[in-house]
Every structure is written in structure tokens, then in C-alpha cells.
Amino acid sequence: DGNELVDIMDYINENVKISDEKSEMFGVAEGKNVIWINAESLQTFVINNEVNGEEVTPFLNQLTQDEDTYYFENFYEQTGQGNTSDSEFLIENSLYPLSRGAVFFTHGGNEYHGTPEIIKEEGYTSSVLHANNGSFWNRFQMYDSLGFDLFYDETAYQVTDENSIGWGLKDKPFFEQSIKYLQSMEEPYYAKFITLTNHFPFELDEEDQSIDAYDSNSNTLNNYFPAVRYMDEALEEFFSQLKASGLYEDSIIVIMGDHIGISANHNKAMSMYLDKEEITPYDQVQLQKVPLFIHIPGHGEGEVMSDVAGQIDIKPTMLSLLGIEEDNGVYFGNDLFSDNRKEYIALRNGDFISEKYISTVGICYDRQTGEPVATDDETTSDKGQEENACSLIGDKVQTELQHSDDLIYGDLLRFLDFEKEE
Ligand code: GP9
């Protein structure tokens, strides 16, 4: 009931909203358009890396050093079985997806207070552009619940045999055909693009392969590199098209990897590529890093950001950049530009990453060295229980995931307006 919501809000006020202070970046992008790109299956291990002696992502590599770009190198995806849809859920709501199933399907009719709805009150229009069947992941219903105004699905695009592969329209024609939609949008707008070509099994036409595949026992990993390169080129072309059509200056452009593309099934090949003897549980968590780029044309103060961060942080970060304060917000992330942030990023399975530690499969690792934390770091709790350095954070992670689940299962955000009026 509503009381449960009050308890959860108390928890959030104490443990998530650690400070009322606004970050220095508050309002930096006030009134600007937001061009958001959910980059399918893009993982951090390819950034500033090579395959067969060639850069995998030359455009994105250069963007990591760009003076208008904040590049987050320790940013983690937090999705569950809902993959891309879970990443969307995280970024719009700053709530966790569910531990089983896809929340887009199971709770698409809930009441939310997502970013599209909040920024609408400030005069923004919101849309999603994604050249796939609109009912995939139950997007029609969930987008409506989240407050999106428009959804350009595959019916909005010219899709032919020549310009499609695998899941549908290739990313280059997708961006190209989308420019006219951006031009028609009422400003300021939030436009979320979801790419498709870099999707398992990472098929490409010969003519789209600019670099050779890797050579290992995993065709998935082998083909991943040329597919990622194709996406990198598509993004570069998109930036040029935005500039040429005058859409660039008044916008901020965000690129985020949505979830991993290479699962643990390919660890043998991955260990060969990363030149490691094996992929340890610690490495597995580190492979859950996805890149985040926040590009603010003309800003000039971009840098590489190394703090531990995750998709749960996107909503508060975006609202802060736009200079929007959310009263009574129910969310579990922090503004990435604030110094007062929660000390950990929780993964959906209960693993977590903090500045000091990584906890997974019951082992507490030192985040810097990747070594299990020595037993002399173990302490005894007030209750006399043996605890390792990760236990305290681990308890918070469990509580937080449970609160998020309770909010979703109980559809508790429907009581929020009531709360506000009190
Ligand atoms: C499908 C696209 C890919 O529309 O979002 O979904 P995924 O399989 O990555 O969740």
C-alpha cells in the first residue's frame, strides 16, 4: 500500500539522496535537445583496443579524448533477462529491472514517473526511434506508460533487402532516414535511438566489413569486431549528418552501450583475445562494463571519468544536466557529476562494484588488483558474525534490489501523486 512507498522513500532519502547539493553540471544543457543513442551490445573492452593490429572503434576512441565529451570508463550495465528493454527501463526510471523475466512485459501497464514524463512538464517532447517491430519487448505499452509521445518503429522506415541484415534495417540507413524525423520534432526534444546491427550473431554483408574478423574458436566473438566497427562508422556518419543538418549545436548527444554482446559461453576465445590465462569471476564482472559518452557541443571541459558508475545513474544525471529538479523522486541512482554518490553499483544478480571492492560468486575482490581480499581484512560484526569487507555493502545491495522489486510488483508509484499532494 501507500505506507510501503513511504518506507521506501525514507530509505532512499537516507541512502541514495546523500546530499541536496546540486552538481556543478546542473543545468549545463538546460533547454537543449537530447539525442540519446542506445548502442546495441557495445562493451567497453573494445574501446581503445585493437584487433589484428587495427583499432576496433576509431571514432569512439577519438571521442574518449574529445574536449566536449565526458567518457565514463568504469560504467556498468545492470540489465537482467530483458536485455535492451531492461537497459531502457533503467535509464528512464532509475529503478532496477526484475531478477526474472522482462519488466517491459510483466509490468508494462504500471504507473511510472520516468524521464519522458518528467521533462514533458518542462516543455519537452519525447520519442523513440528503432527500426524493429514495435511490439517487440512490449514497447508500445511500456512507452505509453513511460510518457513517450512518439515511437518511430520499423513502419516509419524504408526497409529493403539491400539495406537490411539480421534483425532489420542497418544502422547507417537507420540514422540517415531518421534525420528528417529529428527535423520535424517540436523542440526541445528527447529522442532515443536504438541501434540494431551490432546484435548477436553479428552478421554483416561483405561490403560493410571494414576490418577482418578475429580468429578464434568463437564465431560470435570473431564477428563481433567488424560489427562493432560498422556501428562506429554509423555513429561517425550520424554526427556528420547532425552537423550538416544544423541539429548538432542545440543538442547534447549521449551514447551508451545497452548490455553485453559476448556472454561467458565465449570465455575461451575472450581469454585468448584479452591475453589472459582464464576469465575469472572478477574479470567476468569487469566485462559487464559498457561505454557511456556524454557529448556537449561547445562545452570544452570534457574528461575521462573513472568513478564507478552504472545505468541506474542515468535518470538523475540527465535531469541534472537539463536543470530539472524532481520533487519526491523515487530512484536508486545518483547524478554522475556529483561528489556525493552512493558507494556502489549493484548488478541485477546481487553482485556489486564499489570503489574498493568487487563482490561476485561469494568472493570479495580488491577492485584494483583483482585479488581476493585477504582474510585479515575480515572483521567481526556487532552481532559477532564473521564478515568480510564486502558484507556491509552486500546487505545494502540486497535491501535496495528488494525495494526496487517491491515498487514494481506492488505498482507503488501510483501512490506518488497522492504523496506529493500531502
Ligand atoms: C530488439 C532490440 C534488441 O528490438 O532492442 O533487443 P535485445 O535482444 O538486445 O534485447
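**Close-up views of a predicted model**

**View 1. Glu88, Glu92, Arg139 and Lys192 are joined in a network of salt bridges.** The term salt bridge denotes a side-chain nitrogen of Lys or Arg within 4 Å of a carboxyl oxygen of Asp or Glu. Searching the whole structure gives 19 salt bridges. The model is predicted, so local features need pLDDT of at least 70 and side-chain atom pairs count only at pLDDT 80 or more, while totals for chains, interfaces and linings use all residues. Residues are numbered from 1 along each chain as its sequence is written, and side-chain values use heavy atoms, with hydrogens and water left out.

**View 2. A salt bridge joins the side chains of Glu400 and Lys342, with an N to O distance of 2.6 Å.** This pair links distant parts of the chain, 58 residues apart: Glu400 belongs to helix H12 (residues 391-409), and Lys342 to the loop between helix H11 (314-321) and strand S15 (344-346). Helices (H or I, at least four residues) and strands (E, at least two) are DSSP runs, numbered from the N terminus. Both Glu400 and Lys342 are buried. Here buried stands for under 20% relative accessible area, exposed for over 50%, and partly exposed for values in between (1.4 Å probe, protein chains only).

**View 3. Glu343 and Lys396 form a salt bridge whose closest N and O atoms are 3.4 Å apart.** Distant parts of the chain are linked by this pair, with Glu343 in the loop between H11 and S15 and Lys396 in helix H12, 53 residues apart. Glu343 is partly exposed because its relative accessible area is 43%. Lys396 also counts as partly exposed, at 32% relative accessibility.

**View 4. Arg348 is paired with Asp405 in a salt bridge, the closest N and O atoms lying 2.9 Å apart.** The two residues are 57 residues apart and link distant parts of the chain: Arg348 is in the loop between S15 and strand S16 (352-354), whereas Asp405 is in helix H12. Arg348 and Asp405 are both buried.

**View 5. The side chain of Thr195 reaches the backbone nitrogen of Glu40 at 2.9 Å.** Such a polar contact is a pair of N or O atoms within 3.5 Å; within protein, one must be able to donate a hydrogen and the other to accept it, and residues adjacent in sequence count only if both atoms are side-chain atoms. Thr195 is located in the loop between strand S10 (189-194) and helix H8 (219-244). With 0% relative accessibility, Thr195 counts as buried.

**View 6. Strand S1 contains Asn33 and Ala39.** A polar atom of the Asn33 side chain lies 2.9 Å from the backbone nitrogen of Tyr189. Asn33 counts as buried, at 2% relative accessibility. Ala39 is buried as well, its relative accessible area being 0%. The C-alpha atoms of Ala39 and Ile312 are separated by 17 Å, and these residues are 273 residues apart along the chain.

**View 7. A surface patch of negative charge gathers Asp20, Glu21, Glu24, Glu301, Glu303, Asp307 and Asp339.** Patches consist of residues with over 30% relative accessible area and no salt bridge, like charges being joined within 9 Å. Glu21 is situated in the loop between helix H1 (2-15) and strand S1 (33-39). At 62% relative accessibility, Glu21 counts as exposed.

Notes
Patches are made of residues with over 30% relative accessible area and no salt bridge: like charges are joined within 9 Å, nonpolar side chains (Val, Leu, Ile, Met, Phe, Trp, Tyr) within 5 Å. Accessible areas come from the Shrake-Rupley method with a 1.4 Å probe; for residues, only the protein chains shown count as cover. Lys and Arg count as positive and Asp and Glu as negative; His and the chain ends are not counted. The place of a charge is taken as NZ of Lys, CZ of Arg, CG of Asp or CD of Glu.
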